[in-house]
Amino acid sequence: MANAAHSLLDSSLSHRKAHWLLYAYCGYLLLPLYWLLNISLRTNRDIVSRLSVFPVDATLANFAEIFTNPVWYEAFGNSLTYVALNTSISVAVALPAAYAFSRYRFLGDKHLFFWLLTNRMSPPAVFLLPFFQLYSAIGIFDTPLAVALAHCLFTVPLAVWILEGFMSGVPKSLDEMARIDGHSTNVDWFAKVDDVHIGVRDKYFSGEEVKPERPNHGQVTHTTVGDHANASQRSMHIGVYLTPPRTNRVGRVEIVNDHEGWFRDRVDILPIIRA
Amino acid sequence: MRRRNNRAWLGVAPVVLIVAFSAVLPLMTVVNYSIQDIFDINTRIFVGFDWYRETLRDPRFLDALLRQFTFSATVLAIEIPLGILVAKSLPRTGARTGMFLILLAVPLLIPWNVVGTIWQLFARPDIGLFGATLTALGIEFNYTADVIDAWIILVLMDVWHWTSLVALLSFAGLASIQEPYYQAAEIDGASRWQVFRYVELPRLRSVLIIAVLLRLMDSLMIYTEPFVLTGGGPGNSTTFLSQYLTTMAVSQFDLGPAAAFSVLYFLLILLLCWLFYTSVMRSAED
Amino acid sequence: MAEVVLEKVSHRYPEAMSDTFSNVDLVIEKGEAHALLGGSGAGKTTILNLLSGLARPSSGRIFFDGVDVTDVPPRERNVAQVFQFPVLYTSLSVAENLAFPLKNQGWRGDRLRARVRDIAERLELTDCLNRRPDSLSLFEKQLVAIGRALVRPEIALVLLDEPLTAVEPATKWQLRRVLKLAQEELNATMIYVTHDQTEALTFADRISVLHEGKLLQTGTPADLYQAPAHEHVAYFIGSPGMNLVPGEIIDDAYRLDGCAVAPAMGVPSGPCVVGFRPEWAEVTTKNVEGPMVTVTRTRVLGTRDHQPMGIVSVDLQGQTIHTRQALNVAVGATARLSVREDRVVGFRAGIRLHGGLANA
């Protein structure tokens, strides 16, 4: 259904302008990446000797170099190591914290959460100095573990923030809709408001027709209706209170019982259907 | 509802420990150094706020500060509107949407020094497509020699790198607007600008706050990309705060002033973010 | 407000295999409250989109007061629409929301303020005028949406797409009341789409029942209740709906299980579906004419003169039939089913047969 109407509405920019902008931007994103690919497929000599938009003598020699020369692939190994360390530490540490933040309130929780986020705002350059000294002092200087721990400064707050968001993600409770209407009763199709013949069916009420005397402007009238369906067989007064005053087409009948305020109920009045 | 339970601190303890180790300890060290003059391990003199005063009067610091503000303001002014425009021009649904989103995400996933390298290869006047094309068109372009060229290429690189973040966040915000809002505006006779202002912008607001905050913070901290691309040159013209601090700390071993600089730097970022955040929150109340 | 005419309107979605609906002819009078009643997928929302101009019919024409508007875009048709959930401008106050459509038409100053205040009073929103939408309840928000639909005096018609969906059950009736009042006082042509018969029957002057892309019947609530033109209408309206029992017409009488239940003058003999509402039938152990049935269930609904009343469900050759009567039969008992002769409606191939039917 949404698609049919959507095609008629220009909810985005006008189509031609939008297309132009989007493709231009995509070109802007792709061009440097393409150039990277181009250069990567050519030898150094080829690159410096001439400028060619397409890699005419394409070769995979550079990639082979990466995988065979230890200078290159060791770097990958180092990166993978410290990333694995950092990820496991961050997640292991962030999970219980996120759980605590989302499920419990405790002393200082808001302040702690905020402090964690401010660490994301710290410029890494500030920590250069102290990290030198700190990690040297502990003796893990120049190891992947040191890098992993150092990065925890940024990754842990982010992990806590994101995980907490997921854990406490409760769909916005539509409280109004979840509330259950107390007694919903069926109105007999024989309800006729202007003659005020109201036949009301409900397991507590009889099906007797009720005739209030002057049904307008919210006046309450009383009529004896009938007996309760259970053994006690008490008679009760039913007040029929028509609201709103200005219309006699639809409204609500409030049925009160002035014996111990037992039943309060509201019933829709439907238009005239003859029996 | 969340129950009150102070034993939840056990769950939070590991995080506190790790971050305290990674952040609090070093920061304390920095603050400590910033108020002392250190000659060697055993000789230290308490100097109070001397280093702070010196830093704030240092013309090189003030230059770097000015450059930093200029840079951050420029990239924010481009990335935010451009990101919103790109988000608006994306098709809301359909097969191609996923494809575009992936393409948009690619620059965000590239290691930052690689971003610098990519743009180096792209912008060099001898082997770069961009550089060489401009030269062939008769426009002199050399970002290692010319200050304006260096700034242009830095801004182009940062926009290339980060606009997608704004675009993706904005797209998520826009995609949450259900069709009837547009239909009702159409029926009300709203112009396209009115649709943007009254239907789209309110939804984008919370998303944009996050986007601006992130971009503000990260652009103030920028180090790797300009370092790789221009190395801070030509001369000092693209040396921003992070690089200046790093140079100070690493090559000169002047611990006191470097520490003071660090503290000021950190406080500056906190201050700007706080100012932005509170002014935005306050405007929400009226 | 305008009279709306749909002339042989068909619609098919671009990728659809068949028409959503075809050849619909409908006339809605000026100032009429009209309901489009049907289950999901019956095409009701599509008709709304055609009327508002958000969709174009594949064939057929649409007229407002005799003017062909089929090719006119939404903003020039002067229609207003209320959706299933409150669609408001969240950054504007209630008063500004109400003023929005008027401002785009060039209204200004006192004239604008007076109109906004007038509509707000009618909908009992005067206290909310300066508040923002997010401080209102769902009910109040939908009222504002209705207000925005009614605020332009020159609108041709108001379309409502299941407007009570988002409102909590306890306050649905209030919204209906306000809506009905506004409709009567402003003499607005309102077209109300719903799947709920209570909403349709309490709101509308006339109702069109839609089923699987076909307009089955258009009529007043009484017409639909007593003289349904189609089996589906008979089944859908009423709670429980009409009993529809396979039977036959033989010798000018409707027969169930061979027993005559009602005369069927002037109707060709043959198999048919015999329809009668629960309140028009009775199951009794007395010796009356009528088919034999077995009582399967009784459900108490109330008492009358100390006698429990309710719904009795019986089985007639595998068919379940409901009656509404005094509960004077026991479950498992065999009894006879008697039906009020003048209330039986016969159907063949889904269509109501003429002759031998409830009063028109």
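**Helix crossing, chain contact and domains**

Trainee: Where do helix 8 of chain A and helix 1 of chain B come together, and at what angle do they cross?

Mentor: The axes of helix 8 (residues 144–167) of chain A and helix 1 (residues 9–34) of chain B come within 8 Å and cross at roughly 135°. Axes are lines fitted to C-alpha atoms, for helices over the stretch in contact, and angles run from 0 to 180 degrees between N-to-C directions. Helices are DSSP runs of H or I with at least four residues, and strands are runs of E with at least two, numbered from the N terminus. This is a predicted model: local features need pLDDT of at least 70, side-chain atom pairs count only at pLDDT 80 or more, and totals for chains, interfaces and linings use all residues. Residues are numbered from 1 along each chain as its sequence is written, with chains lettered from A and ligands numbered from 1 in the order in which they are written.

Trainee: Why are helix 8 of chain A and helix 1 of chain B called oblique?

Mentor: Angles under 35 degrees count as roughly parallel, over 145 as roughly antiparallel, 65 to 115 as roughly perpendicular and the rest as oblique. The angle is roughly 135°, so the two helices are oblique to each other.

Trainee: What makes residues of chain A and chain B count as in contact, and how many are there?

Mentor: Their C-beta atoms, placed from the backbone, must lie within 7 Å. By that rule, 57 residues of chain A are in contact with 56 residues of chain B. Helix 2 of chain A gives the most to its side, with 12 residues.

Trainee: Which domains make up chain C?

Mentor: Chain C is divided into domain 1 (4–232) and domain 2 (233–352), with bounds from an automatic or database domain assignment. Their centres, taken over C-alpha atoms, are separated by 38 Å.

Notes. Contact = placed C-beta atoms within 7 Å.
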